Amino acid sequence: MAALMIGSSSKPVHLLPALAFVLAFVAIPVLATPAQGLVFHVGGPRGWRVPDANTSYGWWAMNNRFHVGDQLYFKYENDSVLLVTREEFDACNATEPLSRFADGSTTVRLDRPGFFCFISGEPGHCEEGQRLIVRVMVHPAEPAPSPGPTAYAPGQGGDGSASGSSPGGSSGVAAVAAGGVALAAAMAALCVGLVLLLE
């Protein structure tokens, strides 16, 4: 293999393949990998239930931004979560849901842009306000510049009902930070290589 010569320098550049490797197999995949979505705890610590005067699922949904890849976590007892069409949502019709969950702990991945409509499967609960509609945006959320709650349920004291992981899982924020560290290391290696090339 012939050595690459730069300018009037007579030094062969053997680091170029190594730099190309670092860029191709470390930096670019880190940039192309989507960040792990957030997990929103519907109803905060109280969970999915008939709302009281301090809770409004509609207000909560309007004050959060949901993106493809995020998840909604429903915790409930003696109830169910129904994924329904907009028409069924508006009519509180629980007879033909798209999906029915009744295990007491349900995580729904928001896998497409658009609206997701949820109602309680218990008679009368939807009419009492136990229903939720969320609008999912196309692009994943950017990591927050500072720590703190990303989302909260009204009346729950801003306890941070959104997290970067599923309940009991590892932090998505840590995964994003680790990706940033890998990217920084790759970029540092690239800069060192370029400095060596120019000497």
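Reply:
**Thr106 and its surroundings**

Thr106 is in contact (heavy atoms within 4.5 Å) with Leu72, Tyr73, Phe74, Tyr76 and Phe101, leaving aside its neighbours within four places in sequence. The model is predicted, so local features need pLDDT of at least 70 and side-chain atom pairs count only at pLDDT 80 or more, while totals for chains, interfaces and linings use all residues. Residues are numbered from 1 along each chain as its sequence is written, and side-chain values use heavy atoms, with hydrogens and water left out.

Thr106 belongs to strand β6, residues 105-109. Helices (H or I, at least four residues) and strands (E, at least two) are DSSP runs, numbered from the N terminus. Thr106 counts as buried because its relative accessibility is 3%; buried means under 20% relative accessible area, exposed over 50%, and partly exposed in between, with a 1.4 Å probe and protein chains only.

The side chain of Thr106 makes a polar contact of 2.6 Å with the side chain of Tyr76 and another, of 2.9 Å, with that of Asp103. Such a contact is a pair of N or O atoms within 3.5 Å; within protein, one must be able to donate a hydrogen and the other to accept it, and residues adjacent in sequence count only if both atoms are side-chain atoms.

Not counting residues up to four places away in sequence, Phe118 touches Trp48, Leu72, Phe74, Val81, Leu82, Leu83, Phe89, Val108, Arg131, Leu132 and Val134. Leu132, in strand β8, is buried because its relative accessible area is 1%. With the same exclusion of residues up to four places away, the contacts of Leu132 include Val42, Trp48, Tyr57, Leu72, Phe74 and Phe118.

Rings of Phe, Tyr and Trp (its six-membered ring) pair if their centres lie within 6.5 Å; planes under 30 degrees apart count as stacked, over 60 as edge-to-face and the rest as tilted. The structure holds six aromatic pairs. One of them is tilted because the rings of Trp48 and Tyr57 have their planes at 45°, with centres 5.1 Å apart. Trp48 and Tyr57 are both buried.

Charged side chains give another view. Arg46, Arg49 and Asp52 are linked in a network of salt bridges, each being a side-chain nitrogen of Lys or Arg within 4 Å of a carboxyl oxygen of Asp or Glu. Asp52 meets Arg46 at 2.7 Å, N to O, and Arg49 at 3.4 Å between the closest N and O atoms. Asp52 is partly exposed, at 32% relative accessibility, as are Arg46 at 40% and Arg49 at 23%.
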